[in-house]
Amino acid sequence: MADTAKDGSAVTLQLSRDQLSSLLEFDERLRVARGIGILSTEGRVLMHIALKGTPPVSDTMAASGTSYRGFYTVLGRLKKASLVEATIDMGDHRVRRLSIGEEIKHELGQ
């Protein structure tokens, strides 16, 4: 994930798909077992999209571990920060798909 820090320097995180998957799995197991995770909702959403490519909004919402309202609040913040983009599924126009924003695709191996 890349972002520009307040001082103008880039903030980057480069993980392989296996590392992203392991981190998400660990967070999920910890949340189920102890009721607490190590990732923010934003982090879970970004990592889920990075692993799945262009998942439907409904799948990403389920993976986020938050309420409907909470998910759309997080999604709005991610879209405003240009980290996530939403597009219409060409096969089913009722479905919206999410993808990693162009600015950070290379940082997540997209």
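Which residue forms a salt bridge with D89? The partner is R97, and the closest N and O atoms of the two are 2.5 Å apart. Keep in mind that this is a predicted model. The two partners differ in setting. R97 is partly exposed, with a relative accessible area of 26%. D89 counts as buried, at 13% relative accessibility. The cut-off matters here: D89 is called buried because its value falls under 20%.

Helix α1 covers residues 17-34, which makes 18 residues. From the first C-alpha to the last it reaches 25 Å. That is close to the 26 Å expected at 1.5 Å a residue. Three residues of α1, L20, L24 and D27, are buried. They cover an arc of only 60° around the axis, so they sit on the same side of α1. What do the buried residues of α1 pack against? They pack against α2, residues 41-52. The other side of α1 looks outward: D18, R29, V32, A33 and R34 are exposed there. After α1 comes G35, whose phi is positive, near 75°.

An α-helix has 3.6 residues a turn, so residues three or four places apart point the same way.

D27 is buried, with a relative accessible area of 0%. What does D27 touch, not counting residues up to four places away in sequence? The contacts are G37, I38, L39 and R44.

Charged pairs come next. Side chains of opposite charge can pair when their charged atoms come close. How many salt bridges does the structure hold? There are 6 salt bridges. One of them joins the side chains of E28 and R31, at 2.5 Å from N to O. E28 and R31 are 3 residues apart in helix α1, so about one helical turn separates them. E28 is partly exposed, with a relative accessible area of 38%.

Another salt bridge reaches across the chain. The side chains of R77 and E42 meet at 2.5 Å, N to O. This pair links distant parts of the chain, since R77 belongs to helix α4 and E42 to helix α2, 35 residues apart.

Return for a moment to the bridge from the opening. R97 forms that salt bridge with D89. Other salt bridges are joined together: those that share partners connect D27, E28, R31 and R44 into one network. D27 and R44 also touch each other in the list of contacts above.

A pair of aromatic rings is described by the distance of the centres and the angle of the planes. The count comes to 2 aromatic pairs. Y68 and Y72 form a tilted pair, with 4.9 Å from centre to centre and 50° between the planes. Why is the separation of Y68 and Y72 about one helical turn? The two are 4 residues apart in helix α4, and that spacing gives about one turn. Y68 counts as exposed, at 59% relative accessibility. Y72 counts as partly exposed, at 35%.

F71 and Y72 form an edge-to-face pair, with 5.2 Å from centre to centre and 80° between the planes. F71 is buried, with a relative accessible area of 0%. Together, Y68, F71 and Y72 form one aromatic cluster.

Where is S82 found? S82 is in the loop between α4 (68-80) and β3 (84-88). Most residues other than glycine have a negative phi. S82 has a positive one, near 60°, and is a residue other than glycine. S82 is partly exposed, with a relative accessible area of 32%.

Definitions and conventions. Residues are numbered from 1 along each chain as its sequence is written. This is a predicted model: local features need pLDDT of at least 70, side-chain atom pairs count only at pLDDT 80 or more; totals for chains, interfaces and linings use all residues. Side-chain values use heavy atoms; hydrogens and water are left out. Buried means under 20% relative accessible area, exposed over 50%, partly exposed in between (1.4 Å probe, protein chains only). Rings of Phe, Tyr and Trp (its six-membered ring) pair if their centres lie within 6.5 Å; planes under 30 degrees apart count as stacked, over 60 as edge-to-face and the rest as tilted. The expected span of a helix is 1.5 Å times one less than its number of residues. The arc is that of the directions from the helix axis to the C-beta atoms. Contact means heavy atoms within 4.5 Å. A salt bridge is a side-chain nitrogen of Lys or Arg within 4 Å of a carboxyl oxygen of Asp or Glu.
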